[in-house]
Amino acid sequence: MSPSKNPRPEPSSSAPKQGSARRAAGQPPAAGGGSKAPAGGSNADASRPQIRPKAEGWQQPMDAEGRPKLQFAQPKVKQPPKHLADMTLDERIDKAKELGISGFRAKQLSVHYFRHYTADPEQMTDLPAETREQLVEEFLPPLLTEVRRLKTDDGATIKFLWRLFDGALVESVLMRYRSRITLCISSQCGCGMNCPFCATGQNGLTRNMSSAEIVDQIVQANRAIAAGELDAPNAAEIAEEQDHAALGEETEFAESEASAAAGKGASSSGVGPQRVSNIVFMGMGEPLANYKRVMSAVRRMVDPAPEGLGMSARGITISTVGLVPAIRKLADENLPITFALSLHAPDDQLRDELIPVNSRWKADEAIDAAYHYYETTGRRVSIEYALIKDMNDHLWRAELLAEKLNARGRGWVHVNPIPLNPTPGSIWTSSEPEVMRAFVNRLESLGVPTTLRDTRGKEIDGACGQLAAAED
Ligand code: SF4
């Protein structure tokens with residue numbers, strides 16, 4: 001399907017206009033000038049303090065030029081054992097034949113894994129008893145061992161902490177909504193992007209996760225759902241879902257799944273999908289820094305069984321802090337996945353410190369790449385914006401963001417501000433509710449579709465990587 005695109009207004013330019021030069025440089029507009037914002041506006045906002053990002057309680061590694069160090073390549077470390085989900089179906093069939101087993105058995109084994117979420121030979125009764133153990137040993141080495149599981153939101157959210165074969169720890173978060181089940185997954189052990197607010201980045205990048213390790217998070221989550229371990233959302237969470245419905249987290253798959261699942265037995269809520277319907281790559285790691293394995297994992301998610309899980313690509317969101325060449329490559333993959341840019345600041349002065357990869361690719365380049373994704377795929381992109389008190393939540397930044405997005409076109413983007421978790425005494429704390437409302441209102445008044453997101457799992461969450469950091 002090729003979704004229609006909204007017409008691109010002209011002139012289109014990534015360069016900030018003359019009047020916004022101060023804001024583009026990371027300075028509030030001069031009193032009495034520069035802002036076309038509605039009344040009530042920027043001047044009072046300009047008097048608010050400007051907190052600069054800095055690492056708290058840990059030493060942020062710096063490069064020779066004194067900038068936060070970036071690590072793109074993984075160190076040379078032992079890789080996880082090869083698993084069925086690392087291979088295409090043809091490769092599995094070939095491997096089975098090499099082992100002297102019929103290729104058909106590789107297909108049956110794949111169905112057990114991708115459709116019944118099992119790696120237990122006892123349950124594979126359609127396979128000859130003498131080959132079951134061998135098949136499981138060869139194709140399904142254990143990848144993720146559960147270390148901890150924390151439930152919140154009355155059981156509608158589960159946060160998993162997994163230990164990998166080499167002891168590395170990663171997290172995934174499973175959330176049931178009325179008409180979809182979303183899993184937030186990790187793509188790397190640690191992360192090399194060195195964002196000063198992030199627990200995951202503090203120890204750098206240990207290694208990339210394999211495709212199968214990425215996919216197995218979903219299979220394990222599906223297993224928990226099938227066992228009835230994920231409860232239905234309560235009324236408050238369902239009400240909150242209205243907020244999420246406009247986020248590019250599309251529900252069409254979830255709805256079709258709900259009807260398909262009706263014949264497969266009821267969930268604890270009696271409605272909704274029976275397995276993970278939506279994936280967000282917003283757990284540990286920068287997915288586009290592990291491009292090859294992430295894309296192979298996405299193909300395994302999308303391909304129908306026995307090749308893979310048969311999920312809708314439209315329900316998969318890949319989020320990045322702005323690895324521009326990889327965003328452009330992603331646009332050419334011909335997969336209708338949802339793309340999200342974690343921008344967090346429209347001005348380079350702040351973003352250089354907040355998102356160190358901005359020293360490599362500037363905010364305008366990242367926004368241009370996001371727009372290219374829209375132009376190439378016809379799919380509206382999301383801009384993620386964590387609202388941090390007195391750091392990036394000034395109205396002039398909402399205005400600058402709107403100006404930059406509108407300069408490229410209308411209808412191509414949706415902004416999702418997200419309150420940071422409140423952390424008293426830290427510079428990394430949530431904006432005040434009225435400041436968040438004003439920020440959202442300002443974007444909307446300037447014609448930018450915007451939805452303030454709430455975060456699931458507040459009590460157990462913190463930022464991604466905190467659970468793993470606590471366990472180390
Ligand atoms: S915020 Fe994301 S990109 Fe930045 S260090 Fe953390 S995991 Fe990596």
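Tutor: A nonpolar core is a set of buried Ala, Val, Leu, Ile, Met, Phe, Trp, Tyr and Cys residues joined through C-beta atoms within 7 Å. A residue is buried if 20 or more other C-beta atoms lie within 10 Å of its own, exposed if 12 or fewer, and partly exposed in between, with C-beta atoms placed from the backbone. The model is predicted: local features need pLDDT of at least 70 and side-chain atom pairs count only at pLDDT 80 or more, while totals for chains, interfaces and linings use all residues. Residues are numbered from 1 along each chain as its sequence is written.

Student: Which residues of the largest nonpolar core touch the most other members?

Tutor: This core holds 114 residues. It draws at least three residues from each of domain 1 (84-139) and domain 2 (145-371 + 457-471), the bounds coming from an automatic or database domain assignment. The residues that touch the most other members are Ile218, Ile279, Met301, Ile327, Ala370, Tyr373 and Val381.

Student: Which helix gives the largest share of this core?

Tutor: Helices (H or I, at least four residues) and strands (E, at least two) are DSSP runs, numbered from the N terminus. The protein chain comes to 16 helices and 11 strands. The largest share of the core is 8 residues, and they come from helix 12 (residues 363-377).

Student: With which residues is Met301 in contact, leaving aside its neighbours within four places in sequence?

Tutor: Two residues are in contact if their C-beta atoms, placed from the backbone, lie within 7 Å. Met301 is among the core residues that touch the most other members. With those sequence neighbours left aside, the contacts of Met301 are Val215, Ile218, Ile279, Gly308, Leu309, Met311 and Ile316.

Student: At what angle do helix 10 and helix 12 pack?

Tutor: Axes are lines fitted to C-alpha atoms, for helices over the stretch in contact, and angles run from 0 to 180 degrees between N-to-C directions. Val324, Ile327, Arg328, Leu330 and Ala331 in helix 10 meet residues of helix 12 that include Ala370 and Tyr373. The axes of helix 10 (residues 324-331) and helix 12 are 9 Å apart, and the angle is about 5 degrees. Helix 10 is therefore roughly parallel to helix 12, a term for angles under 35 degrees.

Student: What is the strand order of the open sheet?

Tutor: Two strands pair if DSSP finds at least two bridges between them. The open sheet has 9 strands with mixed pairing, in the order 1-2-3-4-7-8-9-10-11. Its edge strands, each pairing on one side only, are strand 1 (145-152) and strand 11 (413-419). From one strand to the next, the twist averages 20 degrees.

Student: In which sense does strand 4 pair with strand 3, and over how many bridges?

Tutor: Strand 3 and strand 4 form a hairpin with 4 residues between them. Within this pair, Met175 stands opposite Thr182, and Val173 has Cys184 as its bridge partner. Strand 3 (residues 169-176) and strand 4 (residues 181-184) pair in the antiparallel sense over 4 bridges.

Student: Which residue of strand 7 is the bridge partner of Leu183?

Tutor: Strand 4 and strand 7 (residues 278-281) pair in the parallel sense over 3 bridges. Leu183 points the same way from strand 4 as Ile181, with Thr182 and Cys184 pointing the other way, and all are buried. The bridge partner of Leu183 in strand 7 is Ile279.

Student: Why does Thr317 count as buried?

Tutor: Thr317 is found in strand 8 (residues 316-320). Its C-alpha atom is separated from that of Cys184, 133 residues apart along the chain, by 9.5 Å. Thr317 counts as buried because its C-beta neighbours inside 10 Å number 24.

Student: Is His344, with a positive phi, buried or exposed?

Tutor: The phi of His344 is near 65 degrees, a positive value in a residue other than glycine. His344 has its place in the loop between strand 9 (338-342) and helix 11 (348-354). Because 28 C-beta neighbours lie inside 10 Å, His344 counts as buried.

Student: Which residues does the cis peptide bond join?

Tutor: Pro306 lies in the loop between helix 9 (291-302) and strand 8. Omega of the cis bond is about 10 degrees, and the residues joined are Ala305 and Pro306.

Terms used: Angles under 35 degrees count as roughly parallel, over 145 as roughly antiparallel, 65 to 115 as roughly perpendicular and the rest as oblique.
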